[in-house]
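User: Could you walk me through how to read a few features of this model?

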Amino acid sequence: MAIEQTLILIKPDGAKRRLTGLAIDRLDASGLQLVAAKVVRVTETLAKEHYKELSDKPFFPNLIRYIQGEFHAIPENRILALVYEGDDAIKRVRAIAGATNPEQADPGTIRGTFGRVTTQGQFENVIHASGNAGDAVREVKLWFTADEIVSGSLAKA
Ligand code: TYD
């Protein structure tokens, strides 16, 4: 197993429903290390860069509005971004988060318990967790500068 870093975002529905503490509690209980955290103003540019691999999907425009907090009246487009680090961190955090579609997610996971599919078919799934090693590296770099990550385990690329 490799030591990995993975990006977590508490999405606007999670923030609105006061699930930030619950999400951090579950992540902490995993034994992974919290190595970075900050509140970020999600600009349209950042949102589109984060989800650029999905830019051709029909749900993309609403996904950008969702992550910017437009559907949940989040002031200042605020979002909490976290980096957790540890052995196999990407898979372990994905297991805590649950499957992308809240209706298919295991009921014990964050998404399975608290996520929903809107009447328009959009998934509101509470947290983001990097999907694979390539995405994790790209996303951690997109949301954090090297100096904001307090880790002795991984080189600051
Ligand atoms: P994706 O990167 O495929 O999933 P994940 O977040 O689990 O890595 O999709 C990004 C987000 O887009 C997802 O969290 C919710 C939204 N989404 C939809 O609203 N409808 C869909 O059919 C899909 C696949 C994703």
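Predicted model: local features only at pLDDT ≥ 70, side-chain atom pairs only at ≥ 80, totals over all residues.

User: Why is strand β1 described as largely enclosed?

Analyst: Buried means under 20% relative accessible area, with a 1.4 Å probe and protein chains only. Strands are DSSP E runs of at least two residues, and helices are H or I runs of at least four, numbered from the N terminus. In β1 (residues 3-10), 7 of the 8 residues are buried, so the rest of the structure largely encloses this strand.

User: Which strands does β1 pair with?

Analyst: Pairing takes at least two DSSP bridges between two strands. β1 runs antiparallel to β3 (residues 78-87), joined by 8 bridges, and Thr-6 stands opposite Tyr-84 there. β1 is also antiparallel to β6 (residues 127-129), with 3 bridges; here Ile-8 faces Ala-129.

User: What surrounds Asp-13?

Analyst: Asp-13 belongs to helix α1 (residues 12-16). Leaving aside residues up to four places away in sequence, Asp-13 touches Tyr-66, His-72, Glu-124, Asn-125 and Val-126, where contact means heavy atoms within 4.5 Å.

User: Which ring has Lys-38 over its face?

Analyst: The test asks for NZ of Lys or CZ of Arg within 6 Å of the ring centre and within 35 degrees of the ring normal. Lys-38 lies over Phe-144, 5.0 Å from the ring centre.

Conventions. Residues numbered from 1 in each chain as written. Heavy atoms only, no water. Buried < 20%, exposed > 50% of the residue type's maximum accessible area, 1.4 Å probe, protein only.
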